[in-house]
Amino acid sequence: MTRPVPPRVTSLPPWKALVAQCRMIEHRSLRSLFAEEPERGRMMAAEGAGLYLDYSKNLVTGETLRLLLELARECRLSDHIAAMFRGEHINRTENRAVLHVALRMPADRSLVVDGVDVVREVHEVLDRMETFSRKVREGSWKGATGKAVKNVINIGIGGSDLGPVMAYEALRSYSDRSRTFRFVSNIDGTDFVEATRDLDPEETLFIISSKTFTTLETMTNARSAREWLLSRVGSNEAVRHHFVAVSTNADEVRKFGIDTDNMFGFWDWVGGRYSMDSAIGLSTMLAIGPEGFREMLAGFYAMDEHFRTAPFEKNLPVLMGLLVVWYTNFMGSQTIAVLPYDQYLKRFPAYLQQLTMESNGKHVHLDGSPVDTTTGPIYWGEPGTNGQHSFYQLIHQGTRLIPIDFIGFARPRNPLGSHHDILMANLFAQGEALAFGKTAEEVRAAGVPDFQVPHRTFEGNRPSNTILADQLSPRTLGSLVALYEHSVFTQGIIWGIDSFDQWGVELGKVMAVRIIDELSGKKTEAPPHDVSTAELIRRYQAMKEGG
Ligand code: F6P
């Protein structure tokens, strides 16, 4: 039986009204909008799960927001949220539930999916992680030669790396400083060699993190890790003391030689990019301790509950997701910049790149028909204030519209003289300068020579959100990540796409495997390549032999 084709989002009345809004908004400025609405800066704000979102500096009127919210309702966003939380198979192309929200449900809740209480299973794994983490942190987990673990190396890639490394960096000030934590992801041997060169294998624990336990990069690095260990610590027996696995694939874990007693599982309903709060976060738990990890889960859960229950007009992820739709589909923006004013969040933009772009970089609807709108924007960013001295010029005076998410905290983790006030003054100044600019008259009045006036004029009208929280803590980080997860969900529902598959990464993987065989001489008959690729491979081999 064929499914009824849902109406295209572009044919919905609020979509058409938003096209008209967009033409109108082009003639408005943030200066005039703020002048007309003296309370705008307070009214266009929402709070949830410990985060304050000021979205008043966006190129929207009350009517724009009303239409965006109507669009969400016409796309049945509430029904889709409920379906996700019920465990329906909303990842249609893989026929899977999408239940990262179950990873942070408290132990006294229950969620039965396909006859199984997934919350109970989640807490069983959490308890095992906790027991293991305590042993390592107390020094009672010993290596093969009886030494305690001093170094932890997570080997994984994509969601099995970016979440753990981002969380470790973000929560470093809460971490056990007596241990070294490193993260190896790249197939480039440099990554492994540099991560291990100063470490004693007798004191090193590897966490092999891979949902599938078949990923080329991770398994190649894991094999190199095993060789590195065995060449220094002797027998195969050492592996069980120095390797643990995080995976859904017990067979492959066993084949690799890791005792499944030392395996921490998760489930096919956790997407890689949504897995940092599953057992994939084992390195995070080792670093910040089980209590800290549970605090982080509480932060995720608080945002989940906010997303599930808050009215859309006060719902942070819904508002942020709809604003992304507004800029992407109506205002012609190609990218979103995420600019955290906190050095500990230096890997946050990289983490968000996978979360947002692997989720919403899609060209067909759920039913396979081509999308008729632009989908996922490009996310990028750097911590402030560093970015101010490199790319902000283009945001202020370039020709592109780049919506920004500023992120800042009231209390620093490392108070140092006036550093924090200076940091936050910069955040506030950037939002203000981008929104309101500086007119030619103002520039002239400041005594600037005529020939410089156009160069020193700022048009303004550059939109931003500001997310403000008390302090960067495990709890705040959980809320922040969940905020973006659910914003991505909201966007995906409006576009009618599957935000939870990632078929686009497959073709390159298959072709790389073929070329690996060709380069290693396993395949005598080279697969046919286009002339450019064939010549590059020929030259590479000639240069390698020549060197
Ligand atoms: O290639 C993309 C991807 O499948 C991501 O979605 C995933 O996070 C990553 O690879 C790693 O996969 P795994 O955890 O199975 O090694």
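Predicted model: local features only at pLDDT ≥ 70, side-chain atom pairs only at ≥ 80, totals over all residues.

User: How are H12 and H13 oriented to each other?

Analyst: The axes of H12 and helix H13 (residues 316-330) are 7 Å apart and form an angle of about 70 degrees. An angle from 65 to 115 degrees falls in the perpendicular class. H12 and H13 are therefore roughly perpendicular to each other.

User: Which residues of H13 are met by H12, and how many residues of the contact are nonpolar?

Analyst: By class, the contact of H12 with H13 has no charged residues, one polar and five nonpolar. From H12 come Met303, His306 and Phe307. Their partners in H13 are Leu316, Pro317 and Val318. The number of nonpolar residues in the contact is five.

User: What does tryptophan 326 touch, beyond its neighbours within four places in sequence?

Analyst: Tryptophan 326 is among the residues with the most contacts inside the largest core. Its contacts, with neighbours within four places in sequence left aside, include Gln21, Cys22 and Thr64. Also in contact with tryptophan 326 are Leu18, Ile25, Leu59, Val60, Leu68 and Met331.

User: How many residues does the other core have, apart from the largest one?

Analyst: Among the residues of this other core are Phe213, Met219, Ala238 and Met263.

User: Are H14 and H19 roughly parallel or roughly perpendicular to each other?

Analyst: The axes of helix H14 (residues 348-360) and helix H19 (residues 474-495) come within 10 Å and cross at roughly 25 degrees. The crossing of H14 and H19 is right-handed. Angles under 35 degrees count as roughly parallel. H14 and H19 are therefore roughly parallel to each other.

User: Which residues form the contact of H14 with H19, and how many of them are charged?

Analyst: H14 contributes Phe348, Tyr351, Leu352, Leu355, Thr356, Ser359 and Asn360. In H19 they meet Leu480, Val481, Tyr484, Glu485, Val488, Gln491, Gly492 and Trp495. The contact divides into nine nonpolar residues, five polar and, as for charged residues, one.

User: Which residues are joined by a cis peptide bond?

Analyst: Threonine 385 lies in the loop between strand S11 (378-380) and helix H15 (392-397). At the cis bond, omega is about 10 degrees. The residues joined by this bond are glycine 384 and threonine 385.

User: Is arginine 76 buried or partly exposed?

Analyst: Arginine 76 sits in the loop between helix H4 (62-74) and helix H5 (77-86). Although not a glycine, arginine 76 has a positive phi of about 55 degrees. Its relative accessibility is 45%, so arginine 76 counts as partly exposed.

User: Is aspartate 114 buried or exposed?

Analyst: Aspartate 114 is in the loop between strand S3 (112-113) and strand S4 (116-117). This residue other than glycine has a positive phi, near 50 degrees. The cut-off for exposed is over 50% relative accessible area. At 65%, aspartate 114 is exposed.

User: Is threonine 61 buried or exposed?

Analyst: Threonine 61 lies in the loop between strand S2 (51-54) and H4. Not counting residues up to four places away in sequence, threonine 61 touches Gln21, Met24, Ile25, Leu33, Arg40 and Met44. Its relative accessible area is 10%. Buried means under 20%, so threonine 61 is buried.

User: What separates threonine 248 and serine 210 in space, C-alpha to C-alpha?

Analyst: Threonine 248 is in the loop between strand S8 (243-247) and helix H11 (250-256). Among the residues that threonine 248 touches are Ser210, Lys211, Thr212 and Met263. Threonine 248 and serine 210 are 38 residues apart in sequence, and their C-alpha atoms are separated by 7.9 Å.

Conventions: Residues numbered from 1 in each chain as written. Heavy atoms only, no water. Core = buried A, V, L, I, M, F, W, Y, C linked by side-chain atoms within 4.5 Å. Buried < 20%, exposed > 50% of the residue type's maximum accessible area, 1.4 Å probe, protein only. Contact = heavy atoms within 4.5 Å. Axes fitted to C-alpha atoms, helices over the stretch in contact; angles between N-to-C directions. Helix = DSSP H or I, 4+ residues; strand = E, 2+ residues; numbered from the N terminus. Parallel < 35°, antiparallel > 145°, perpendicular 65-115°, else oblique. Left-handed = near helix turned anticlockwise from the far one by under 90°. Nonpolar A, V, L, I, M, F, W, Y, C, P; charged D, E, K, R; others polar.
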